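Hi,

Here is the structure I promised to pass on.

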Amino acid sequence: YKQYQIRIKPKFGYLQELAPALQWLNSYTEKESVVLGSPDYTSEIVPIYTHNNIYVCYHSQFYALPPLQEIRDRLYNMMYFMGVTSQEESKKFARKLMLPEGLFFEEYQEKLKKDLYSELKKYRADYLLYGPLERKYFRVDPGKTYSFLKKVYDDGAVNIYQII
């Protein structure tokens, strides 16, 4: 019961907030489109409730399918997209995902020198789901920061941007 109150019950509320956006994804995006969202809970529910894939998922580290370098690239791209620029912010990101805190910060700094749009498209990021969790974790407002985003959905709680 304690675990339910602490971990599961709050997630049901978040799921209710996302439900209209998830329905929109099912209605208006191609099957197997790739959605970028918070790498913790959002990334867990998008593939369950939609026909979409997720760009970064915490659980991908436990599967042997993607090469480790691809997982790291995707994590670095996500951090870059979120506006993470300092070593302290990268440690906080790693702790949130229960990853080693070092997260190869020097390698990540090299990622910051590259064009983010090209890096996202390298692994086919098609949409950004920007909801309450993303607002909490992102250091920047992506809709105002990145010119390659086109808002295609807004219900007041959740925005969805197409990466064009």
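Let me start with Arg74: its relative accessibility is 17%, so it counts as buried, the cut-off being under 20%. Keep in mind throughout that this is a predicted model.

What does Arg74 pair with? Its side chain meets that of Glu70 in a salt bridge, at 3.0 Å from N to O. Both residues sit in helix α3 and are four residues apart, about one turn of the helix.

Helix α3 has another charged pair to show you. The side chain of Asp73 forms a salt bridge with that of Lys111, with an N to O distance of 3.6 Å. Asp73 belongs to helix α3 and Lys111 to helix α5, so this pair ties together parts that are 38 residues apart in sequence.

Now for the two helices themselves. In general, a pair of packed helices is described by the angle between the axes and the distance between them. Here, helix α3 covers residues 68–82 and helix α5 covers residues 105–112. Their axes come within 10 Å and cross at roughly 65 degrees, and the crossing of α3 and α5 is right-handed.

Which residues make that contact? On the α3 side they are Gln69, Arg72, Asp73, Tyr76, Asn77, Met79 and Tyr80. On the α5 side they are Glu107, Tyr108, Lys111 and Leu112. By type, the residues of the contact of α3 with α5 split into five nonpolar, two polar and four charged. Asp73 and Lys111, the salt-bridged pair from above, are both in that list.

Asp126 counts as buried, at 14% relative accessibility, whereas Arg124 is partly exposed, with a relative accessible area of 39%.

One more thing on the charged side chains: salt bridges that share partners join Asp73, Lys111, Glu119 and Lys122 into one network. So the pair linking α3 and α5 is part of that network too. How many salt bridges are there by the rule used here? The count comes to nine.

Cheers

Definitions and conventions:
Residues are numbered from 1 along each chain as its sequence is written. This is a predicted model: local features need pLDDT of at least 70, side-chain atom pairs count only at pLDDT 80 or more; totals for chains, interfaces and linings use all residues. Side-chain values use heavy atoms; hydrogens and water are left out. Axes are lines fitted to C-alpha atoms, for helices over the stretch in contact, and angles run from 0 to 180 degrees between N-to-C directions. Helices (H or I, at least four residues) and strands (E, at least two) are DSSP runs, numbered from the N terminus. A crossing is left-handed if the near helix is turned anticlockwise from the far one by less than a right angle, and right-handed if clockwise. Contact means heavy atoms within 4.5 Å. Ala, Val, Leu, Ile, Met, Phe, Trp, Tyr, Cys and Pro count as nonpolar, Asp, Glu, Lys and Arg as charged, and the others, Gly among them, as polar. A salt bridge is a side-chain nitrogen of Lys or Arg within 4 Å of a carboxyl oxygen of Asp or Glu. Buried means under 20% relative accessible area, exposed over 50%, partly exposed in between (1.4 Å probe, protein chains only).
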